[in-house]
Amino acid sequence: MNAIMRRALTGAVALSLAAPLAACGKEQQDAGAGKDAIGLLLPENKADRYEKFDRRIITSRIASLCLECKVDYGNAEQQVDTQKRQFDALVKKGVKVIILDPVDSQAVKSWVSSAAKKGVQVIAYDRLAEGDVAAYVSYDNEKIGQLQGKAMLTALGSGAASADVVMMNGSPTDPNAPAYKKGAHSVLDGKIHKIIFEKDIPDWSAATAKQKMTDVINAHGAQGFDAVYSANDGMAGGIAAALKSANIKDVPVGGQDAELPALQRLVAGTQSFTIYKDVRPEAETAAEIAFRLLRGKSINSLTTTTAGNSTKSGIPARLFDARVVTRKNLKDTVVRDGVVRTDLLCADLADACKSLGME
């Protein structure tokens, strides 16, 4: 074999060995890419809170706990398939802790359980995901429904016992929605005359809620109901628009989430109440649990109760309390806590804000 042939053969062997080594190096890099990464998957961007508050607070808190940590973020925009792709991508990267707010809590069951077998710890955030989740952080959702029911009775006053109520419940794919509904029914049932219409609204759609409210108005007339329960503020906006189109005034409408448009409706008198869930403690707790799980530390001091889904019982959990916000206590709740700026709240509502002591 001459020198030229030996050099060619040596080069070929080197290349043939380098290829699998490079491939192994890539696999090792992918497997280790999640060592200091925490996944954060949020369900949608229609509600103001997810992009403006949850993402920002969780990311900031993790950064304060861990300088080298990175938050690998995805928003599913209400698409289950999108969220699955995002979840699978995190697992493939080697991310070992994922904060997951599911679009559809049932749909994620197989993903979560499969990931758990690979050592991935999933924190169910705001909505209890199915599957082998490691922890759960949210609010006591049945209590929120009870707060909504009590606020509705307060808004109806002495006329509650004879009142006919319309109920627009949350999305059937959201595990929180049945809890809100159960809580509201536990307060309203037996305290009002009857519920004349009740519907679970897919995807919490404001447009669908508006159409259903229009159908109720057409079927029962402007005087055919006395109040409207809405499981959240987005749908309450659609309901308020339907009432306005029909020139119906002074009908109590309730919601949840303390979104700016809803707070403006409180000031204007076209919505009676909302539910204020301070996102900060929920988001910061989820962030700290994620960091502790990433570092193999105990989360016992952060989880004060347990929860269960169809797969697993005794899930370490932290459930926070919420508050009713009305026109009267707006200033002493969301304004005082800095959730909303008065200049934004009072835009085009100067006189009404002034009467409430908010200049």
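User: Which residues does asparagine 75 touch, not counting residues up to four places away in sequence?

Analyst: This is a predicted model: local features need pLDDT of at least 70, side-chain atom pairs count only at pLDDT 80 or more, and totals for chains, interfaces and linings use all residues. Residues are numbered from 1 along each chain as its sequence is written, and side-chain values use heavy atoms, with hydrogens and water left out. Contact means heavy atoms within 4.5 Å. Leaving out residues up to four places away in sequence, asparagine 75 touches Leu42, Pro43, Glu44, Asn45, Glu51, Thr82 and Gln86.

User: Is asparagine 75 buried or exposed?

Analyst: Asparagine 75 belongs to strand S2 (residues 70-75); helices (H or I, at least four residues) and strands (E, at least two) are DSSP runs, numbered from the N terminus. Buried means under 20% relative accessible area, exposed over 50%, and partly exposed in between (1.4 Å probe, protein chains only). Since its relative accessibility is 13%, asparagine 75 counts as buried.

User: With which side chain does the side chain of asparagine 75 make a polar contact?

Analyst: A polar contact is a pair of N or O atoms within 3.5 Å; within protein, one must be able to donate a hydrogen and the other to accept it, and residues adjacent in sequence count only if both atoms are side-chain atoms. A polar atom of the side chain of asparagine 75 lies 2.9 Å from the backbone nitrogen of glutamate 77. The side-chain partner, at 2.9 Å, is glutamate 51.

User: What is the relative accessible area of serine 171?

Analyst: Serine 171 is found in the loop between strand S6 (164-169) and H6. Apart from residues up to four places away in sequence, serine 171 touches Ala177, Ile201, Pro202, Asp203 and Trp204. Serine 171 is buried, because its relative accessible area is 3%.

User: How does helix H5 lie relative to helix H6?

Analyst: The axes of H5 (residues 141-156) and H6 (residues 176-188) come within 6 Å and cross at roughly 40°; axes are lines fitted to C-alpha atoms, for helices over the stretch in contact, and angles run from 0 to 180 degrees between N-to-C directions. Angles under 35 degrees count as roughly parallel, over 145 as roughly antiparallel, 65 to 115 as roughly perpendicular and the rest as oblique. The crossing angle of roughly 40° therefore makes H5, relative to H6, oblique.
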